[in-house]
Amino acid sequence: MPLTEPYDDNLPGEVSAGAVGHTGEDSPDIDRTSEVVAAEPEPTLPESVRQRIVALTAAVLPVLPGDEVPVPLRRVAKFAPNRRARLGAPVIAAQLTADPLFRQRITARVLADAGDLGAAVVEGTAPAAADPVEVAALAYLARPRGWRELIEASGAAVRAEADRAVVDELVREAEQRATRAEHDRAVARVEADKLRDELARVREELGQLREESRQLARTLRETQARERRAGELLATERGRAARAGADADAELRRARARLAEAEAAAGVARASAKEARSVDDARLWLLLETIGQAAVGLRRELALDPVDRLPADFVADAFADQSAATPAGAATRARDTDDPARLDQLLALPRAHLVVDGYNVTKRGFGEMSLEQQRKRLITGLGGIAAQTGDEVTVVFDGAERMHGLPPTPRGVRVLFSRKGETADELIRRLVRAEPAGRPVVVVSSDREVADGVRRHGAYPLGADSLLRRLARS
């Protein structure tokens, strides 16, 4: 590219061969009689040649006297060496093109520093071993005869060098691509080997799966055959069950007939037993008195101390971790009765334990109240019964956790709530099973299932109305 705008190539001041080493002042060695020829445009300089011209000028710029330095370059001359060529390049190029005298002074300094190479360039020759960029830069500054040819030859050499560099770079890239291609081929071969191994493994697994599928199909056929046989057997058994059901119904009808006969016989027996009841009562009183005296003697003989914990207390303690009590042997020591006076008779027995199904009683007697009021009224009434009879009283409510709003528990009354997942009926049955055989346990509930369950364990089931009348009388 041109260094700057085109200028007159044959202006006075071209450097002759005898000007090498001159300090740059006006000298008779400078040929001022050259013919004036038509102005030619600046030659196109390679970028490396242009940068070298600027670097040579920037290097000798501070050496020139201050009055010989053009005004635009005086500030550039004060820059540091590494900034002078970089920041002042446009101004330096413009001055070299527009000021031939400044260029002659720079050329004189540069040729003096170049030595033999500068002399050869001034003579219009270029040594074969010389750097073409350096030759072109000196030829541009000195401008001897044939300097354009030197620049063109140097430009061609620079371009050839650049082309060689490009070719070398392309060769290197081609070699790198070949190396990568070889590496990729090796990797592809390894991957192909892996894929072949994987394919063999998959084929083996496929064979195994096919064998398993055949086995499963065979198993399915056998299972379907067994299912058909089982269906046939089921139909047969259903027929047998239907016949057995018919036989059971007939037997049930016969049993009911026998039960009716037994009930009639029982009615006769009750009438006979009523006549002898007075005698039996006297005998029973004498027997109980004898047993009581024997129990006192036995207690004295065994040295049994009074206890402060009752069986229901152990159930309440174990209730926290849901430990299951061992069922006691079922006894048949009590009989169901709906007589309201029966409650007073049972509570009069020694060491009786009254167990109350709380909500069953409250909802039957005063269900119009809130649950809190129902609990409060029932617990208060049971406290009065415990105080009058001295018996142990336990009331059980349904509830996953202890309710709030309970009144203070009266003396002798125990209040329990069933845990989550357990009903009050189950807790009542656990309380009954925990009692020793022979102790009178009275369970108040109108729930027929509760009554039947506690009766099997020897307790006395009574309806809720008997307790409600007892509380009303109190």
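A: A quick word on angles before we start: a helix axis here is a line fitted to C-alpha atoms over the stretch in contact, and angles run from 0 to 180 degrees between N-to-C directions. Also keep in mind that this is a predicted model.

Let's begin with the sheet. Five strands make up an open sheet, in the order β3-β2-β1-β4-β5, with parallel pairing. At the edges you'll find β3 (413-417) and β5 (460-462), each of which pairs on one side only. On average, neighbouring strands of this sheet are turned by 20° against each other, ignoring direction.

Now zoom in on β1 (353-357). This strand is mostly covered, with five of its five residues buried. As for its partners, β1 pairs with β2 in the parallel sense over five bridges, and Val 356 stands opposite Val 395 in β2. Four bridges join β1 to β4, again running parallel, and there Val 355 has Val 443 of β4 as its bridge partner.

Helix α12 lies across β1, β2 and β4 (441-444), running at about 65° to β1.

Stay with α12 for a moment, as it also meets another helix. The axes of α12 (residues 358-366) and α16 (residues 464-473) come within 10 Å and cross at roughly 65°. Since angles of 65 to 115 degrees count as roughly perpendicular, that makes α12 roughly perpendicular to α16. The crossing of α12 past α16 is right-handed. On the α12 side, the contact is made by Asn 360, Val 361, Arg 364, Gly 365 and Phe 366, while α16 brings Ala 464, Asp 465, Leu 467 and Leu 468. Sorted by class, this contact of α12 with α16 has five nonpolar, two polar and two charged residues.

Conventions:
Residues are numbered from 1 along each chain as its sequence is written. This is a predicted model: local features need pLDDT of at least 70, side-chain atom pairs count only at pLDDT 80 or more; totals for chains, interfaces and linings use all residues. Side-chain values use heavy atoms; hydrogens and water are left out. Helices (H or I, at least four residues) and strands (E, at least two) are DSSP runs, numbered from the N terminus. Angles under 35 degrees count as roughly parallel, over 145 as roughly antiparallel, 65 to 115 as roughly perpendicular and the rest as oblique. A crossing is left-handed if the near helix is turned anticlockwise from the far one by less than a right angle, and right-handed if clockwise. Contact means heavy atoms within 4.5 Å. Ala, Val, Leu, Ile, Met, Phe, Trp, Tyr, Cys and Pro count as nonpolar, Asp, Glu, Lys and Arg as charged, and the others, Gly among them, as polar. Two strands pair if DSSP finds at least two bridges between them. Buried means under 20% relative accessible area, exposed over 50%, partly exposed in between (1.4 Å probe, protein chains only).
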